[in-house]
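Open the model in your viewer and keep the sequence panel beside it. The stops below say what to select and what is found there.

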Amino acid sequence: MTFENEHSDEYILGLLPSNDSLAMELMFRKYYAYLCQTIVRVLNDEHTAEDLAQEVFFDVWRKRAEISVTTSLRAYLRRASVNKTLNFIRDRKIKWDDEDKLASAASDTAGIALDLEGQDLERSIHSAIDLLPERCRLVFTLSRFGEMSHLQIANELNISVKTVENQMTKALKMLKAAIGPFLRDS
Amino acid sequence: MTHKENKDWQHWHEQHPHESASLLKRLWEATGSYRKDYHPNEAAGLAALKSRMNQHQPAKVVRLSPSKIALRIAAGLALLLIATFFFKNQIGESSSATAVSTPANETKELALEDGSSVTLNQSSQLDYPGAFSKKERKLKLQGEAHFKVNRDENRPFIIETEAGFVKVLGTSFNVRSYPNDGVFEVFVETGKVSVALKTNDKTIELGAGEFLRLDKSTNKAQKGLDKSGTSNAWRTGAISFREQTIPAVLTGMERLYGVKMDLKNEQPNNCLQTLSLEKGKMEEAIEALKTSCPKLKFAKNDVGYVVTGVCCQ
């Protein structure tokens, strides 16, 4: 491939010790959008997603002397951005109970999306995920986009595995109700 | 599916052994498009990263005698503390969010960082960052609030509610979005406001004096002129109706007195009323209505009144 942003991970990592600034730029161009998207899917906040993704690259640059990537660079960066996201959530100290109460009132109206003409699948997926109660949404997006097991999610959010499973079941049920009509059995 | 996606899916499938495989698969594929339309500003991000890299000077390698090492470590620690402090401050400023909420019997005045002001109605909550971003001023509202927004052409002011987004450059207006009442409403006092509903593609432009009311149960939106001041009644404490229908007057009473006015009448109730309502004078308001419509009956219940009969044939 000849695209500027498609240099191989080996090439980028090999460049890091000798020409760190070029290596960082290539890495940034290849993965920045991917990391922002991963974080935004969990946090639903574009501004913070961009801040946190930049933090991930800055950390790589700061630790460039001792860094060792044992998985793929993509998986390494994704893991790092999910960790950043989790730290951000912890620092924010979200009050789950309140938010769940508020959000469940909001989610009662999730069904209205389906009554509209010209409503497409993509939009209804968006609004269905956005309207999940906050904690339910977080568990779902970490599972779907963060490549985390139920046990990992439970540990990170300081809740029981049972709670993770319950939230996941709730999320799948609500999403099925909201977008199910668009999906054919396959 | 690409190889990578296939691996992710296998992982997800293993994580949810109790779910039906076909349901999981359909949701896996469908949700893959979530937020795919979002593309960050790469050039701006790269510039920000590079400037941080430049500020962070590489350490020079200097051989130290053991006596100097302790001194260096102390100096290093002090620097690290300062750096951490500075860093935390920076992060705190750019991403810390404020949530202000009001109890059931109180309203609150807020001054925002950009000079705009907000009056938050009872039982409402407003979330906003400590400092707005350079591109936009974003807030989240649950409940009702009146905004007076300072004009900034380069930074639109965007309020997210359950049912839609309200976007302005600078103007004064009222937004009502309580989770438990069936209405989402935006009313514009001065300037121009655009409203994007979450459930369809349309953006609705509102001018001075205009309101948009979305009935959340039927999902029908209605645009109109609010001459009586119903939308602002919670702040002004008064509504004055000029030739308005009975249902419009009852809605005004609901807003002003915080009660439910349940109109049971199926027949047209279209004769027009001219009257003024004042805060705290609900009994008088009902008396005034009874005087001009002797056939209208008001029966009190625990949330307000059930209204039956017709005003005129």
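A residue counts as buried under 20% relative accessible area, as exposed over 50%, and as partly exposed in between (1.4 Å probe, protein chains only). This is a predicted model, in which local features need pLDDT of at least 70 and side-chain atom pairs count only at pLDDT 80 or more, while totals for chains, interfaces and linings use all residues. Residues are numbered from 1 along each chain as its sequence is written, chains are lettered from A and ligands numbered from 1 in the order in which they are written, and side-chain values use heavy atoms, with hydrogens and water left out.

**Chain A**

Select chain A and colour it by secondary structure. Of the 186 residues in chain A, 51% are buried.

Now show the surface of chain A.

Among the contacts in chain A with a separation of 6 or more, 67% are between residues 24 or more positions apart.

**Salt bridges**

Side chains of opposite charge can pair when their charged atoms come close. A salt bridge here is a side-chain nitrogen of Lys or Arg within 4 Å of a carboxyl oxygen of Asp or Glu. The count over all chains is 25.

Select E50(A) and K135(B), whose side chains form a salt bridge at 3.9 Å, N to O. The pair joins two chains, because E50(A) is in helix α3 (residues 46-62) of chain A and K135(B) is in the loop between β4 (125-129) and β5 (137-148) of chain B. E50(A) is buried at 12% relative accessible area, whereas K135(B) is exposed at 53%.

Move to E160(B) and K198(B), a salt bridge of 2.8 Å, N to O. E160(B) lies in strand β6 (residues 157-160) and K198(B) in the loop between β10 (193-197) and β11 (203-206), so this pair ties together parts of chain B that are 38 residues apart in sequence. K198(B) is partly exposed at 21%.

Then select E254(B) and K260(B), which meet at 3.7 Å, N to O, in a salt bridge. E254(B) is partly exposed, with 21% relative accessible area, and K260(B) is also partly exposed, at 48%.

For the last stop, select E25(A), R29(A), E42(B) and K50(B), which are linked in a network of salt bridges.

Conventions. Contact means heavy atoms within 4.5 Å. Helices (H or I, at least four residues) and strands (E, at least two) are DSSP runs, numbered from the N terminus.
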